[in-house]
Amino acid sequence: MTIAVDFDGTIVEHEYPKIGKPIPFALDVLKKLQQDEHHKLIMWTMREGKLLQEAIDYCENNGLTFYAYNKNYPDEEFQKGDPRKLGADVYIDDRNIGGLPDWGIIYKIIKSGSNTIPDYDFMLDSDRPAVKKNWLIQLGEALDKQSGKRY
Ligand SMILES: [Mg+2]
């Protein structure tokens with residue numbers, strides 16, 4: 001598949017024009033998709049010029065070179081009137097409706113050969129550890145339990 005991947009807010013936290021902190025597993029998953037699964041990765045970002053080069057350098061210094069940057073193929077020349085949208089099969093972007101899924105889930109979705117989330121159990125079947133509820137929620141539940149409320 002051809003996979004278009006945003007940079008700010010997707011590979012790193014959104015600190016544009018600076019480079020934010022890495023988003024956990026983003027680069028690991030992308031490298032795996034490229035090297036093991038042989039997907040074609042295109043960086044699809046609003047960055048251009050020096051800021052684009054900083055994003056390219058950041059990824060390359062972390063072992064990831066994309067097939068192309070803001071283009072369908074490396075030496076694509078845009079003509080006036082050409083569509084700006086890439087011909088990608090899947091887009092990974094923090095501006096997705098519903099936000100950016102956990103990168104473990106992104107990997108599973110692409111590995112499944114689909115571009116949709118099959119079902120809710122699939123989402124729950126993530127390898128990450130369960131998140132503990134914070135103490136306020138625990139306290140609320142304890143109080144509700146005491147007063148006889150059930151979930
Ligand atoms: Mg973004």
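Some ground rules. This is a predicted model, in which local features need pLDDT of at least 70 and side-chain atom pairs count only at pLDDT 80 or more, while totals for chains, interfaces and linings use all residues. Residues are numbered from 1 along each chain as its sequence is written, and side-chain values use heavy atoms, with hydrogens and water left out.

Now the overall layout. The protein has five helices and four strands, in the sequence pattern β-α-β-α-β-β-α-α-α. Helices (H or I, at least four residues) and strands (E, at least two) are DSSP runs, numbered from the N terminus. Of the 151 residues, 34% are buried. The accessible surface comes to about 10,300 Å², and carbon and sulfur atoms hold 53% of that; the areas are Shrake-Rupley values with a 1.4 Å probe, and for residues only the protein chains shown count as cover. Among contacts with a separation of 6 or more, 65% are between residues 24 or more positions apart. Contact here means heavy atoms within 4.5 Å.

The sheet is open, has four strands in the order 3-2-1-4, and its pairing is parallel. Two strands pair if DSSP finds at least two bridges between them. Strand 3 (68–69) and strand 4 are the edge strands, each pairing on one side only. Strand 1 and strand 2 are joined in the parallel sense by four bridges. Thr2 sits opposite Lys40 in strand 2, and Val5 has Met43 of strand 2 as its bridge partner.

Next, the metal. Which residues coordinate the magnesium ion? They are Asp6 (OD), Asp8 (O) and Asp94 (OD), at 2.1 to 2.2 Å. Asp6 is in the loop between strand 1 (2–5) and helix 1 (26–35), and Asp94 is in the loop between strand 4 (90–92) and helix 3 (103–111); these two are 88 residues apart, so the pair links distant parts of the chain. Along the chain the donors follow the spacing D-x1-D-x85-D. Asp6 and Asp94 are both buried. Donors are N, O and S atoms within 2.8 Å of the metal (3.2 Å for Na, K and Ca); water is not among the atoms, so sites may look incomplete.

On to packing. The largest nonpolar core has 27 residues, and Ile11, Cys59, Phe66 and Trp103 have the most contacts inside it. Such a core is a set of buried Ala, Val, Leu, Ile, Met, Phe, Trp, Tyr and Cys residues joined through side-chain atoms within 4.5 Å. Strand 1, helix 1, strand 2 (40–43), helix 2 (49–61), strand 4 and helix 3 each give two or more residues to this core. Apart from it lies another core, of five residues, including Ile42, Ala68, Leu86 and Ala88. Leaving aside neighbours within four places in sequence, Cys59 contacts Phe7, Ile11, Leu27, Met43, Leu64 and Phe66.

Gln34 is in helix 1. A polar atom of the Gln34 side chain lies 2.7 Å from the backbone oxygen of Thr65. A polar contact is a pair of N or O atoms within 3.5 Å; within protein, one must be able to donate a hydrogen and the other to accept it, and residues adjacent in sequence count only if both atoms are side-chain atoms.

Helix 3 has Trp103, Ile105, Ile106, Tyr107, Ile109 and Ile110 as its buried residues. At its start, a side-chain oxygen of Asp102 comes within 2.7 Å of the backbone nitrogen of Gly104. Just after helix 3, Gly113 has a positive phi of about 85 degrees.

Last, backbone details in the loops. The peptide bond from Tyr16 to Pro17 is cis, with omega near 5 degrees. Phe25 is not a glycine but has a positive phi, near 70 degrees. Is Phe25 buried or exposed? Phe25 counts as exposed, because its relative accessibility is 56%. Asn70, in the loop between strand 3 and strand 4, also has a positive phi, near 60 degrees. At 17% relative accessibility, Asn70 counts as buried.

Notes: Buried < 20%, exposed > 50% of the residue type's maximum accessible area, 1.4 Å probe, protein only.
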